[in-house]
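Dear colleague,

Please find below the structure that I am handing over to you. My findings follow directly after it.

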Amino acid sequence: FLVVLGDHLFTPGCVQQVLRAYADLAASGRSSPQLQWIGLTGACICSSAEVPTTGLLKLHEARRPSPGVAVMVSQMEEKPVRYDHFELPGPGGYLCHVGLDVLPATIFEDLAHQQRPLQSTGDSE
């Protein structure tokens, strides 16, 4: 399931690269139950000047990502006002969301299983 943000422009090659990466990740997930519900988001390293127009990603581990290597994201924030805590170690820069997300085909079924009925707080609206 591909999610493409409408405020970004992509070349077919960019979309194909993200889809191939997801296929590779999904293939590795067949042998690892922890990876069966993993999604993939396209990302690139950007400067502070680009931050106001994009979303930022924070990695689970404080390290600079290697090109083409999947990493675990712990936080995502769209167009943050304060973003110093997103800065990558090393020569600086930020891990920016490029507006392409690939989710498992079962995403809606998985979300339906996780929904819980709203609990009444006793407040009336």
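In this predicted model, a nonpolar patch lies on the surface, made up of Phe1, Phe108 and Leu111. Together these residues have about 330 Å² of accessible area. Phe108 belongs to helix α2, which covers residues 107–114. Phe108 counts as exposed because its relative accessibility is 54%, and the cut-off for exposed residues is over 50%.

The chain as a whole may be described as follows. Its secondary structure consists of two helices and five strands. Along the sequence, these elements are arranged in the pattern β-α-β-β-β-β-α. The chain has 125 residues, of which 27% count as buried.

Which residues form a salt bridge, and how far apart are their closest N and O atoms? The partners are Glu78 and Lys79, with a distance of 2.7 Å between these atoms. A search of the whole structure finds one salt bridge. Glu78 has a relative accessible area of 42% and is therefore partly exposed. Lys79 also counts as partly exposed, because its relative accessibility is 35%. Both classes follow from the cut-offs, since partly exposed residues lie between the limits of under 20% for buried and over 50% for exposed.

Yours sincerely,
A colleague

Methods:
Residues numbered from 1 in each chain as written. Predicted model: local features only at pLDDT ≥ 70, side-chain atom pairs only at ≥ 80, totals over all residues. Heavy atoms only, no water. Patch = residues over 30% accessible without salt bridge, like charges linked within 9 Å, V, L, I, M, F, W, Y side chains within 5 Å. Areas by Shrake-Rupley, 256 points an atom, 1.4 Å probe, with all protein chains shown as cover. Salt bridge = Lys/Arg side-chain N within 4 Å of Asp/Glu carboxyl O. Helix = DSSP H or I, 4+ residues; strand = E, 2+ residues; numbered from the N terminus. Buried < 20%, exposed > 50% of the residue type's maximum accessible area, 1.4 Å probe, protein only.
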